[in-house]
Amino acid sequence: MRRLTRRQMMRLGAVGTGAAVLPVPWTAAARADSAAPPEVRAVDDLALWYDEPAGSDWLRALPVGAGHLGAMVFGNVGTERLQLNEDTLWAGGPYDPANPRGAEALPQIRQLVFDGQWEQAQALIDRTMLGRPAGELAYQPVGDLTLTLPGAAGASGYRRWLDLTTATTAVTYAADGVRFHREVIASAPDQVIVMRLTADTPGSISFTAAFTSPQSASTASPDGTTIALEGISGSMEGIAGSVRFLALARAVAEGGTVSGSGGTLRVSDADSVTLLVSIGTSYVDYRNVSGDHRSIAHRHLDAAQARTYEDLRGRHVADYQELFRRTTLDLGRTGAADQPTDVRIAQHSGTDDPQFSSLLFQYGRYLLISSSRPGTQPANLQGIWNDLMSPPWDSKYTLNANLPMNYWPADSTNLSECYEPVFDMIDDLAVAGARTAQVQYGARGWVTHHNTDGWRGTSVVDGAFWGMWQTGGAWLATLVWDHYRYTGDVDFLRAHYPAVKGAAQFFLDTLVEEPDRGWLVTNPSNSPELAHHPNASVCAGPTMDMQILRDLFDGCARAGEVLGVDAGFRAQVLAARERLAPTRIGSRGNVQEWLHDWTETEQFHRHISHLYGLHPSNQITRRGTPELFDAARRTLELRGDDGTGWSLAWKINYWARMEEGGRAHDLIRDLVTPDRLAPNMFDLHPPFQIDGNFGATSGIAEMLLHSHHGELHLLPALPPAWPDGSVEGLRGRGGYTVGAAWTAGRATRLSLTPDRDGAVKVRSRMFRGGYEVLDLTAGDPVQPEQTEPDLIGFAARQGHTYRANALEERRS
């Protein structure tokens with residue numbers, strides 16, 4: 001199932017949800033008298049756990065990551081496999097995809113689109129606008145480190161788990177009267193993967209270890225305690241592989257002996273062993289692969305060896321928990337949590353298991369912390385975890401849904417530092433995309449289409465049907481202003497404003513007038529991956545484009561105002577914004593997906609791109625645009641609840657914005673099935689796509705807090721399935737850290753701490769009854785203004801914590 005090529009995946013993506021959903025042949029049966037391991041109960045069940053090894057199934061292995069470095073840990077008894085990744089190991093090398101035939105053909109393409117000759121327009125795009133090459137390049141694996149361990153026969157008492165509170169995987173079992181224990185961490189502070197092997201009987205640790213790789217690579221033994229894997233990334237699309245890499249593994253033993261030769265490491269009769277793994281690549285940035293990969297690998301390995309395991313682990317846990325502990329979610333526990341994680345997934349649809357929603361929420365945060373840190377690449381389509389040379393969709397960055405989805409929970413769940421790689425990528429794309437804009441459109445500014453890769457490809461790829469979408473870079477640029485709304489960081493805004501301005505400049509140069517109504521529209525473009533007529537997706541002014549550009553132009557203008565720059569440019573942007581085609585309601589009461597009231601060729605298509613204005617944007621809101629809000633609900637009803645994993649995750653966010661917690665929770669149940677989650681909780685399109693994990697985390701956050709409409713709305717979509725619970729540390733736009741507690745579905749406590757002085761509006765059903773508001777920092781009561789039955793406002797002071805309590809005797 002997982003070895004489909006990119007071209008096969010594109011064909012599946014073109015023929016609708018039903019054909020794209022492949023069978024996932026896994027299930028799990030409940031265990032009688034099962035109980036969660038004490039190590040799992042000790043962390044309030046915030047762990048994935050299993051009573052069986054992963055075997056050879058990659059989707060049962062457990063992920064660890066340190067931003068640059070990733071490993072899948074299989075936890076087998078007789079062998080242990082670490083499948084290794086490094087986030088800059090991409091096929092090919094630097095390339096310029098811009099197609100100089102594009103600008104000359106553009107007027108004819110636009111006329112064909114306006115004349116309704118869509119297939120002819122697509123054919124001309126395929127001849128003149130596709131990048132060179134016409135496909136982008138794949139993210140690739142480093143290889144495997146495999147340990148062979150004797151004495152596995154008759155093992156008993158097997159358990160393995162991934163502790164989300166410490167980002168640690170562990171395996172324990174008994175064999176021949178000895179209890180063995182292994183744990184693995186990926187340390188961001190020390191940039192090494194560390195395995196610790198111990199036993200309750202001295203002299204019991206023996207194994208051999210060796211590297212293998214699907215890359216063009218060789219193995220060696222630099223010294224008696226170290227093995228090495230050195231190679232170069234694969235070629236693809238006619239571009240020679242150019243990223244050189246070196247992986248090193250070193251054993252540090254207490255007791256026993258360590259020796260090595262010929263690329264094999266041997267440990268005999270040790271009391272305990274610390275196995276250190278480092279990886280360096282020659283990738284400097286998307287234009288430069290001349291880095292010293294050997295020096296990087298050796299530097300990290302030697303520095304790690306100078307520390308004890310306790311020190312390495314302590315530094316790792318402290319670094320990780322500084323991020324992870326910021327946000328907590330307690331939804332209660334039932335006996336369902338006493339089953340292994342794969343069993344919980346298999347039976348979730350028919351079981352009361354609210355804690356699994358907490359686990360799913362925190363697993364997404366864990367994966368984001370593990371795959372995206374300042375200075376790394378952004379999390380790609382699989383985060384950083386990939387074992388294939390040609391993974392599905394190349395495991396790159398799909399901009400018409402997947403990359404933005406990956407980062408929806410970054411700000412809302414208090415992980416803003418993890419967002420930094422995206423903004424670094426935007427700055428790269430602003431440079432790479434400037435050439436594509438000039439060569440293919442004759443335009444200023446910059447453009448990126450529906451995909452990019454480690455080399456920052458910006459042209460049209462994969463064919464006009466999928467790739468002729470101009471607004472990938474525009475969507476990314478909108479993230480800058482939204483992030484600023486959370487942080488208020490003016491230095492950040494100043495640093496990235498040029499990229500926002502450049503994205504807006506491109507559309508000032510390329511928007512064209514729709515001949516019948518005079519609106520400004522994109523042409524050519526598409527509503528992502530959906531045909532409006534048989535075999536034709538290319539069109540002018542699809543609704544998603546217009547919504548994205550409204551956000552882009554608004555954010556650009558407001559950023560310029562905050563920074564006190566570009567008054568004349570702001571005026572141009574705002575004037576163009578007023579001429580964009582509006583979001584319209586169609587004959588079925590739905591939001592129109594295109595300029596014309598066409599009926600989609602696939603009613604249940606996975607993309608619902610024309611509801612971008614509902615989420616992640618705020619152009620369609622319950623109280624601000626009630627007619628469009630009702631049309632958005634009708635759109636969701638017409639599209640249906642079924643879909644791929646990431647599509648279901650987006651729908652959770654949609655229904656959360658609809659303030660319909662029951663519907664949102666129904667979609668969580670639809671997501672938590674063997675069809676949509678792997679045994680290791682990776683989201684399945686299928687196959688694996690990590691955006692569904694991140695989208696689910698975002699959706700759960702949206703069920704608990706809205707901040708997109710100029711107010712903090714607490715518990716806006718609380719489902720009946722979560723009657724009692726609490727959340728702390730969510731973040732709201734405007735710079736607020738927020739918490740809440742509820743009993744029997746009613747809020748009992750709300751709290752907020754602002755990052756800056758200013759008026760705040762808070763909406764909650766609590767305010768329909770008796771309540772009090774306290775400034776806990778000053779020790780004073782607050783007298784808010786109540787402007788609606790469920791909306792209050794007051795002046796908040798930076799750093800003060802405010803709490804609203806429900807008064808039982810006055811509650812109604």
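**Exercises: a sheet and a helix pair**

S751 stands opposite R803 in β34. The model is predicted: local features need pLDDT of at least 70, side-chain atom pairs count only at pLDDT 80 or more, and totals for chains, interfaces and linings use all residues. Residues are numbered from 1 along each chain as its sequence is written, and side-chain values use heavy atoms, without hydrogens and water.

**Exercise 1.** Find the strand that pairs with β34 through four bridges.

*Solution.* Strands (E, at least two residues) and helices (H or I, at least four) are DSSP runs, numbered from the N terminus. Pairing takes at least two DSSP bridges between two strands. Four bridges join β34 (residues 802-806) to β28 (residues 746-754). The two strands run antiparallel.

**Exercise 2.** Describe how α19 meets α20.

*Solution.* Axes are lines fitted to C-alpha atoms, for helices over the stretch in contact; angles run from 0 to 180 degrees between N-to-C directions. The axes of α19 (residues 645-657) and α20 (residues 661-671) come within 8 Å and cross at roughly 165°. That makes the helices roughly antiparallel (angles over 145 degrees). Contact means heavy atoms within 4.5 Å. On α19, the contact residues include L648, I652 and W655; on α20, they include A664, L667 and L671.

Methods. Parallel < 35°, antiparallel > 145°, perpendicular 65-115°, else oblique.
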